[in-house]
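Please look over the sequence and the structure before reading the points.

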Amino acid sequence: MARVNRAERDIVIECRALFFIAIVSISLSLWIVNSADADYYHDLEKNRQPCNDCHTLHYSESGTQPPGVEPGGPFQQLLIRATTTKLCLFCHDGSDPKAPDVLAPVTMYNGSGDEHSGAGFFENSGGAVSLSGHDLGIAAQSVPFSSMTNVTVSCASCHDPHGTPNYRNILTVPKGVSGDGTGVIMAADVFRNSPPTDPPSAQGSINAYKESNIGYKAKTSRWCTECHDNLRNHVGSATRTENHHLTDVPINGFGAMTDPAHWAGGTGTGFGAVTNDGVEGVPRLRFQSAGATDFPSSKVVAAVNHVTCSSCHLAHGGKFKKGLVWPYLEIPAGADANSGCQQCHNQ
Ligand code: HEC
Ligand code: HEC
Ligand code: HEC
Ligand code: HEC
Ligand code: HEC
Ligand code: HEC
């Protein structure tokens with residue numbers, strides 16, 4: 001029997017210790033990756049992205065155009081693309097499968113069980129009016145239902161490119177002057193089901209950004225009325241008005257105005273599996289759950305669910321006029337024209 005001398009034994013012990021340390025550090029790093037699920041991307045404080053993904057510090061110093069940078073510079077804020085929107089769409093136009101696609105046509109969610117992402121998509125990359133959502137890069141627009149004038153919408157009108165603690169890096173004060181909107185950070189009121197394959201991967205982004213991965217508690221409608229400020233009084237109001245549909249109010253809070261049992265049941269008039277398939281009915285609209293404490297509780301369907309701006313509209317836009325979730329204003333009217341309304345009203 002070979003006798004293990006001290007040196008050999010020490011090596012064995014050392015190897016075991018190293019093995020143990022390796023296992024511990026592998027589990028720790030896995031744990032760190034997992035706990036990073038809740039983090040937001042473009043989080044520069046945590047160094048999740050290098051500045052030079054978006055900036056170049058010495059555009060013309062060498063007398064040649066730096067690699068990967070658009071010709072014609074230097075550009076404002078030392079950006080590597082001529083405009084902010086162009087910069088964002090460089091990755092978010094579907095060409096990078098890890099970056100959620102926000103520019104039509106979007107196909108990445110096909111087969112995921114959802115028809116689109118939480119925000120939907122823009123019809124064009126800017127400079128042309130869109131009838132089906134927000135217009136990018138058009139100068140001096142007026143804003144419907146708002147005191148704002150002279151607005152040019154870019155990605156940075158709503159998102160902070162450097163990250164915020166808010167859900168989706170949304171700006172706390174998109175209008176530039178504080179309204180009475182989000183107030184506290186929106187992240188506390190939106191729940192995400194941590195995607196299993198985050199950090200960035202093509203499948204991870206499908207899982208993370210598809211519509212059904214998100215649950216809402218409060219403040220999303222308030223956020224929209226930071227800019228659409230004339231609708232503020234209609235968010236969370238206890239009194240029906242005759243000029244705007246209320247939001248952030250319970251479906252069962254206004255007597256016979258709605259059919260809460262029909263909403264809770266989820267079958268029959270208005271409900272269906274696919275939008276615009278020629279058969280009446282669309283997937284259940286989004287809602288918010290005032291009492292939610294986590295992702296599962298935010299998704300519980302009940303008569304007390306609230307109607308929000310995003311029950312009817314997508315934040316970026318979508319296939320249908322006014323960024324509506326279903327083809328309500330299309331001509332000729334299809335089978336789904338009234339489906340969204342019927343889920344709550346069952347008229
Ligand atoms: C170099 C490529 C790249 C550029 C440029 C880029 N993004 Fe992203 N962005 C990504 C990727 C990849 C993800 C998905 C990361 C993940 O979920 O792990 C992402 C995620 C996001 C998210 C979701 C964040 C979250 O955690 O909820 C937002 C919002 C976003 N980007 C906005 C922007 C805006 C606005 C710009 C322009 C200022 C921009 N991006 C420029 C690659 C890019
Ligand atoms: C995802 C792309 C992206 C990354 C990564 C990024 N920036 Fe920016 N940065 C932008 C955009 C876009 C603007 C212009 C925003 C606008 O249109 O108002 C900007 C503007 C700036 C400005 C001008 C002041 C301001 O906040 O508007 C500074 C300073 C700056 N960035 C520094 C940095 C530094 C330092 C880093 C790395 C730690 C970094 N940026 C990483 C996209 C990025
Ligand atoms: C930064 C300010 C700003 C914010 C925040 C904002 N909007 Fe808008 N919205 C505009 C402007 C400007 C227009 C008019 C030009 C256009 O269509 O983009 C507009 C137009 C619209 C339209 C008409 C689109 C069309 O196709 O005619 C709808 C619907 C809309 N917004 C809904 C929303 C919803 C829902 C939210 C919240 C998710 C929201 N907005 C947040 C500025 C904003
Ligand atoms: C009018 C405000 C507004 C503008 C303009 C805007 N976003 Fe968004 N964006 C939002 C909101 C609100 C969400 C979250 C929607 C939700 O999940 O309910 C979002 C979500 C996202 C996401 C997460 C993926 C998804 O599709 O849900 C990405 C990525 C993103 N935006 C990128 C961009 C880029 C790139 C631009 C410019 C081309 C842009 N956004 C312009 C409001 C805006
Ligand atoms: C119950 C569904 C529903 C809800 C909730 C809702 N909208 Fe709308 N919205 C519509 C419809 C439908 C239209 C198309 C015009 C119409 O019928 O009045 C529209 C039109 C708009 C327009 C375009 C007006 C124009 O003149 O182009 C804006 C802006 C808008 N909504 C913003 C919002 C905001 C912000 C919220 C949340 C505070 C909201 N909507 C809540 C259904 C809704
Ligand atoms: C997610 C649920 C929900 C959806 C979807 C919905 N509604 Fe409503 N609706 C309500 C609730 C709750 C009220 C009562 C509060 C109010 O008056 O806004 C209401 C009230 C109304 C009223 C009475 C408003 C008044 O002040 O007299 C009309 C009209 C109406 N809805 C039409 C529509 C139409 C048209 C659609 C589709 C474009 C629609 N609703 C979609 C929940 C919904």
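How many residues surround ligand 6, and which are the closest? In this predicted model, ligand 6 is surrounded by 20 residues. The closest of them are Arg240, Leu246, Val307, Cys341 and Cys344.

**Shell around ligand 6**
- Helix α9, which spans residues 339-345, gives the most to this shell, with five residues.
- Sorted by class, the shell around ligand 6 holds eleven nonpolar residues, seven polar residues and two charged residues.

**Helix α5**
- Helix α5 runs over residues 220-227 and is mostly covered, with eight of its eight residues buried.
- The buried residues of α5 are Thr220, Ser221, Arg222, Trp223, Cys224, Thr225, Glu226 and Cys227.
- The cover over these buried residues includes two strands, β1 (190-192) and β2 (214-216).
- Helix α8 (309-312) is also included in what covers the buried residues of α5.

**Protein chain as a whole**
- Nine helices and four strands make up the helix and strand count of the protein chain.
- Along the sequence, these elements follow the pattern α-α-α-β-α-β-α-β-α-α-β-α-α.
- The protein chain has 347 residues, and 34% of them count as buried.
- Taking contacts in the protein chain between residues at least 6 apart in sequence, 54% join residues at least 24 apart.

Methods: Residues numbered from 1 in each chain as written. Chains lettered and ligands numbered in written order. Predicted model: local features only at pLDDT ≥ 70, side-chain atom pairs only at ≥ 80, totals over all residues. Buried ≥ 20, exposed ≤ 12 C-beta atoms within 10 Å, placed from the backbone. Contact = placed C-beta atoms within 7 Å. Near = placed C-beta within 6 Å. Nonpolar A, V, L, I, M, F, W, Y, C, P; charged D, E, K, R; others polar.
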